[in-house]
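Open your viewer, keep the selection panel handy, and follow along from stop to stop.

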Amino acid sequence: MKKIIAVAIMAATVLNAFAGNKTDENGQIIKTGYNIGPLPALAYDADKGFQIGAVLQLFNYGDGHNYPNYDSKVYLEASYFTKGSQLYQIRYDNKELIPGIRWCSAFRANIDKAYDFYGFNGYQSYYDYGRVASGKAGDAFLFTPFYRMRKNEFLFKTEFLGEITEGLRWEAGIFANYIKTGSIDKGNINKGKSEKQEFPEECPTLYDIYKASGVLSEEEADGGFSSGIRAGLVYDTRDKEGAPSRGIWAEGHITAAPKFISKIPYYRYSLTWRHYVPIVKQDVLTLAYRLNYEGTFGSSAPFYALPYMTQMGEKPDLEGMGGFHTVRGIMRTRAYGLDMATYNAELRWRFVKFNIGKQNIALAFNFFSDGTMVTRGRDISALKESVLYPAKLKGQTKDTPHITFGTGFRFIMNENFIVAAEYGMPITHLMKNSPLYNQDGTGAFYVNVGYLF
């Protein structure tokens with residue numbers, strides 16, 4: 001982590017030498033012109049493994065009148081993960097090109113040979129932690145592939161935001177996604193492993209069982225095009241966007257993917273409330289929390305359209321529920337249903353601020369708790385236990401909250417370029433005498449960029 005921060009500081013200092021700067025009456029550096037934030041993507045995500053790649057963020061602050069917010073931004077990323085996935089992203093955000101309109105676009109290609117799939121409806125699907133642990137210890141065959149599938153996604157969106165009154169804006173946009181799903185390549189999974197450790201060719205994965213039993217319909221099981229339109233309202237009174245310390249950021253959206261542009265039509269809605277409360281002023285201590293509800297109109301939606309937290313703007317939809325961007329500390333896609341409720345709450349403490357190489361630098365800790373729950377699940381009644389299956393399939397009769405807690409560290413440069421390191425643990429890991437013991441995993445460590453919200 002120290003090496004990543006050191007490289008970021010040195011690279012930014014060299015590449016921003018040509019950028020303009022001003023100083024306000026408090027001695028704070030006001031960034032102007034173009035500022036480049038490069039970062040080697042040498043990170044770790046418990047869901048994806050070690051990350052090797054590069055991230056480049058280009059900020060245009062113009063004459064500095066919007067600082068610490070920018071006039072426009074470009075984000076580029078190319079990464080490879082040791083657990084078999086590749087990630088390529090391009091994001092563009094411009095507030096000045098069209099008078100009175102903010103234009104945002106994003107493209108993401110995610111090639112994942114071993115995507116997490118733990119079944120539907122949270123704790124209604126049993127996670128066989130004992131078999132997974134036994135396989136990792138070498139006491140049985142490697143069982144982790146049972147909870148894996150292939151998923152290649154290509155997501156594109158472009159959106160526009162315009163002001164209605166001060167703080168209140170309309171949002172509208174289109175998205176065009178192609179998602180291809182399928183069974184894992186067991187030959188590739190077993191490559192380099194001893195015969196004792198190999199996942200048996202004759203054993204189905206959970207995805208295979210869902211497909212064979214009809215829980216996943218033939219039409220949706222292999223993925224397809226998922227395109228449509230979005231529209232909504234946003235109320236935003238944040239003091240700054242990258243690392244806010246006060247204000248409200250609330251959104252409500254409706255997503256429509258009709259039959260003529262989507263393989264399987266569906267209609268969804270999203271409600272998000274974010275609040276930033278200054279406890280100690282000047283960014284020293286801030287309470288921040290987010291409440292989110294993802295819902296489906298009607299009783300069906302293709303499974304590949306569900307594991308996302310909707311957000312308008314330059315960032316693609318957040319993949320979850322579980323992982324760095326949604327619920328830190330539980331396994332990716334652990335909570336998976338038609339309707340889902342999620343919360344995040346954290347204390348953000350900036351313990352030092354200083355200037356280096358004409359850059360505004362701050363170091364911060366955060367202490368958090370996250371949680372999620374499937375409030376309306378998909379029908380899994382077709383699943384039948386069998387001695388032929390290597391795991392128990394069904395758990396509780398309904399889902400209950402998945403709750404985590406943890407802490408993290410932030411390196412913040414110019415309020416927008418932020419390196420994050422966090423560790424989260426599910427409370428079920430502490431419940432040794434409960435049927436839910438380790439049903440969300442044992443915890444996860446992440447190195448990423450930005451604040452969660």
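Start by selecting Arg238 and Trp249: the charged end of Arg238 sits over the ring of Trp249, 3.7 Å from its centre. Here, a charge sits over a ring if NZ of Lys or CZ of Arg is within 6 Å of the ring centre and within 35 degrees of the ring normal. For another such contact, pick Lys95 and Tyr70, where the charged end lies 4.5 Å from the ring centre.

A word on the ground rules. This is a predicted model, in which local features need pLDDT of at least 70 and side-chain atom pairs count only at pLDDT 80 or more, while totals for chains, interfaces and linings use all residues. Residues are numbered from 1 along each chain as its sequence is written, and side-chain values use heavy atoms, with hydrogens and water left out.

**Ring to ring**

Next, colour the aromatics: the structure holds 29 aromatic pairs (rings of Phe, Tyr and Trp, the last by its six-membered ring, with centres within 6.5 Å; planes under 30 degrees apart are stacked, over 60 edge-to-face, the rest tilted). Zoom to Trp103 and Phe160, a stacked pair at 6.4 Å centre to centre with 10° between the planes. Trp103 belongs to strand 8 and Phe160 to strand 9, so this pair ties together parts 57 residues apart in sequence (strands are DSSP runs of E, at least two residues, numbered from the N terminus). Trp103 is partly exposed at 24% relative accessibility, and Phe160 is partly exposed at 31% (buried is under 20% relative accessible area, exposed over 50%, partly exposed in between, with a 1.4 Å probe and protein chains only).

Now select Tyr178 and Phe225, whose ring centres are 4.9 Å apart with planes at 50°, so the pair is tilted.

**Into the cavities**

Finally, which residues lie nearest the centre of the largest cavity? Select Phe175, Asn177, Arg230, Tyr308 and Asp317, which are among its 21 lining residues. On a 1 Å grid over the protein atoms alone, a cavity is a set of points where a 1.4 Å probe fits but cannot get out, and lining residues have an atom within 4 Å of a point. The largest cavity has a volume of about 280 Å³, that is, the space filled by probe spheres set on the points, which are joined across faces, edges and corners.

Conventions: 1 Å grid on protein atoms, 1.4 Å probe; cavity = no way out; pocket = protein on both sides within 12 Å on 5 of 7 lines; lining within 4 Å. Helix = DSSP H or I, 4+ residues; strand = E, 2+ residues; numbered from the N terminus.
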